[in-house]
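Reader: Can you walk me through this model? Keep it brisk.

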Amino acid sequence: MKKLLSFILAGVMVLSLAACGSSGTKVTVENDDKTISIELSYPENAGIELGGEGAYVDFTDDEEQYYVFVELFEHDMYDYYKSGAVEDETFTETKIGGYYAYSTDDGDSMYTTILFEEEPVEDNVYRYAEIQIDGPLNTDTDIKDFVKGNKEIQSILNSIKYLGETKAE
């Protein structure tokens, strides 16, 4: 009887997860001999319009009036960008999806950088994503408060998964 009940509960859980629904997309940077990728998802029912391909992707939600732009990098500018960000009075450090991240904002837009590997992959070359979030339009809401309170944006940010490197054949 316990086994039957366990199977029924497991089936209900699978069906409930499937009903939640989310769509995914992949962001990649291709070099001559390798490809690096991240994957992220967003709620299907969020009314999001997806754009971009390759090294970047953007999400637009006209109803909530926000825009999220995600771009993936592998180059030697990470330290330079971070040194400039640290000087900004809005600089904050956090974790997003388990990865180290830092953010700055100008009141209307929030700029976040997520570092995927703590050590450089070669001479000062890091793999990271830069995220710009704009919105909401026509309101006095601070961008950090808006991002923290928006479940759709939080879902996108927390779904980011670094897939690593694949070698070209």
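Author: The chain has four helices and ten strands. Helices (H or I, at least four residues) and strands (E, at least two) are DSSP runs, numbered from the N terminus. This is a predicted model: local features need pLDDT of at least 70, side-chain atom pairs count only at pLDDT 80 or more, and totals for chains, interfaces and linings use all residues. Residues are numbered from 1 along each chain as its sequence is written, and side-chain values use heavy atoms, leaving out hydrogens and water.

Reader: In what order do the elements run?

Author: From the N terminus, α-β-β-β-β-β-α-β-β-β-β-α-α-β.

Reader: What is the mean pLDDT of the chain?

Author: The mean is 82, and 85% of residues reach 70 or more. pLDDT is the predictor's confidence in each residue, from 0 to 100.

Reader: Which elements have the lowest and the highest mean pLDDT?

Author: Helix α1 (residues 2–20) has the lowest, at 39, and strand β7 (residues 99–105) the highest, at 95. Over residues 2–19 the pLDDT is below 50, and that stretch has zero contacts in the model beyond near neighbours in sequence. Contact means heavy atoms within 4.5 Å. Where pLDDT is low, the predicted coordinates should not be read in detail.

Reader: On to packing. How many residues are in the largest nonpolar core?

Author: It has 31 residues. Ile38, Phe59, Val70, Phe116 and Ile133 have the most contacts inside it. Apart from it lies another core of eight residues, among them Phe73, Phe91, Leu115 and Tyr128. A nonpolar core here is a set of buried Ala, Val, Leu, Ile, Met, Phe, Trp, Tyr and Cys residues joined through side-chain atoms within 4.5 Å. Buried means under 20% relative accessible area, exposed over 50%, partly exposed in between (1.4 Å probe, protein chains only).

Reader: What does Phe116 touch?

Author: Leaving aside residues up to four places away in sequence, Phe116 touches Ile38, Leu72, Tyr99, Arg127, Tyr128, Ala129, Ile160 and Tyr162.

Reader: Is Lys34 buried or exposed?

Author: Lys34 counts as buried because its relative accessibility is 12%. It lies in strand β2 (residues 34–43). Its contacts, not counting residues up to four places away in sequence, include Glu74, Glu122 and Glu165.

Reader: And where is Thr25?

Author: In strand β1 (residues 22–30). Thr25 is buried, with a relative accessible area of 16%. Its C-alpha atom is 8.2 Å from that of Val57, 32 residues apart along the chain.

Reader: Switching to strand pairing. How many bridges join β3 to β4?

Author: Three bridges join β3 (residues 49–51) to β4 (residues 56–61), and the two run antiparallel. Strands pair if DSSP finds at least two bridges between them. Gly51 stands opposite Asp58 in β4. The hairpin has four residues between the strands, and Gly52 takes a positive phi near 85 degrees there.

Reader: What about β4 and β5?

Author: Six bridges join β4 to β5 (residues 66–75), also running antiparallel. Tyr56 stands opposite Glu71 in β5. Four residues lie between these hairpin strands, and Gln65 in the turn has a positive phi of about 60 degrees.

Reader: What is the phi of Asn124?

Author: Positive, about 60 degrees, although Asn124 is not a glycine. Most residues other than glycine have a negative phi. Asn124 sits in the loop between β8 (109–115) and β9 (126–134). At 35% relative accessibility, Asn124 is partly exposed.
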